[in-house]
Amino acid sequence: MRDKSTPVLRRRRTLLLQQLPPPPVILRGSLIERYKRCGKPGCHCADGPGHGPKYYLSTSHSGARPQMDYVPQAALEHVRTALANYQRTRDILEELCAINGDLLRRRERL
């Protein structure tokens, strides 16, 4: 980005800020797909992959074990969207930081 002019960097930064997903629709974690066997001897799951797929949101926090929360089928697409929004937010923030770093090195105001 160092080869771009200051006005170009500022325009790009403004565009990135407009692309940030709305904060209420951001979720950090990973979606885990699981199949489980029920344990009944005559059930079809005894010879197959199990019942499912069932989905769980896995989130981890510093110093704690990962937490797994069941995601109902009705909420699955909303959770996928919120997880994608988190990734998009991280990407945008990385680019914003790079732009701000370039502006700072140029002794421009942020």
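Biologist: In which segment is Arg107 found?

Modeller: This is a predicted model, in which local features need pLDDT of at least 70, side-chain atom pairs count only at pLDDT 80 or more, and totals for chains, interfaces and linings use all residues. Residues are numbered from 1 along each chain as its sequence is written, and side-chain values use heavy atoms, with hydrogens and water left out. Helices (DSSP runs of H or I, at least four residues) and strands (DSSP runs of E, at least two) are numbered from the N terminus. Arg107 is found in the segment after α2.

Biologist: Is Arg107 buried or exposed?

Modeller: A residue is buried under 20% relative accessible area, exposed over 50% and partly exposed in between (1.4 Å probe, protein chains only). Arg107, which has a positive phi of about 65 degrees although it is not a glycine, has a relative accessibility of 73% and therefore counts as exposed.

Biologist: At what angle do helices α1 and α2 pack?

Modeller: Two packed helices are described by the angle between their axes and the distance between the axes. The axes are lines fitted to C-alpha atoms, for helices over the stretch in contact, and angles run from 0 to 180 degrees between N-to-C directions. For α1 (residues 6-19) and α2, the axes are 10 Å apart and the angle is about 155 degrees.

Biologist: Which description of relative direction therefore applies to α1 and α2?

Modeller: Angles under 35 degrees count as roughly parallel, over 145 as roughly antiparallel, 65 to 115 as roughly perpendicular and the rest as oblique. With their packing angle of about 155 degrees, α1 and α2 are therefore roughly antiparallel.

Biologist: What is the handedness of the crossing of α1 and α2?

Modeller: A crossing is left-handed if the near helix is turned anticlockwise from the far one by less than a right angle, and right-handed if clockwise. The crossing of α1 and α2 is left-handed.

Biologist: How do the residues of the contact of α1 with α2 divide?

Modeller: Contact means heavy atoms within 4.5 Å. Residues of α1, including Leu9, Arg13 and Leu16, meet residues of α2, among them Ile92, Leu96 and Ile99. Ala, Val, Leu, Ile, Met, Phe, Trp, Tyr, Cys and Pro count as nonpolar, Asp, Glu, Lys and Arg as charged, and the others, Gly among them, as polar. The contact residues divide into seven nonpolar, three polar and six charged.

Biologist: Is Arg13 buried or exposed?

Modeller: Arg13 lies in helix α1. Leaving aside neighbours within four places in sequence, Arg13 is in contact with Leu96, Ile99, Asn100, Leu103 and Leu110. Its relative accessibility is 14%, so Arg13 counts as buried.

Biologist: Across which strands does helix α2 lie?

Modeller: Helix α2 spans residues 76-105 and runs at about 145 degrees to β1. The strands across which α2 lies are β1, β2 and β3.

Biologist: In what order do the three strands form the open sheet?

Modeller: Strands of a sheet pair through backbone hydrogen bonds, either parallel or antiparallel. Two strands pair if DSSP finds at least two bridges between them; here β1 and β2 pair over six bridges, and five bridges join β2 (residues 51-59) to β3. The edge strands are β1 (30-36) and β3 (67-71), each pairing on one side only. The pairing is antiparallel and the order is β1-β2-β3.

Biologist: Which residue does Ser30 stand opposite in β2?

Modeller: The residue in question touches Gly29, Ser30, Ile32, Pro66, Gln67 and Met68, not counting residues up to four places away in sequence. Ser30 stands opposite Ser58.

Biologist: What distance separates the C-alpha atoms of Arg37 and Gly52?

Modeller: Arg37 lies in the loop between β1 and β2 and is exposed, with a relative accessible area of 54%. Beyond residues up to four places away in sequence, Arg37 touches Cys45, Ala46, Gly48, Pro49 and Gly50. Arg37 and Gly52 are 15 residues apart along the chain, and their C-alpha atoms are separated by 9.1 Å.

Biologist: How far apart in space are Gln87 and Arg28, C-alpha to C-alpha?

Modeller: Gln87 has its place in helix α2 and is partly exposed, with a relative accessible area of 42%. Gln87 and Arg28 are 59 residues apart in sequence, and their C-alpha to C-alpha distance in space is 8.2 Å.
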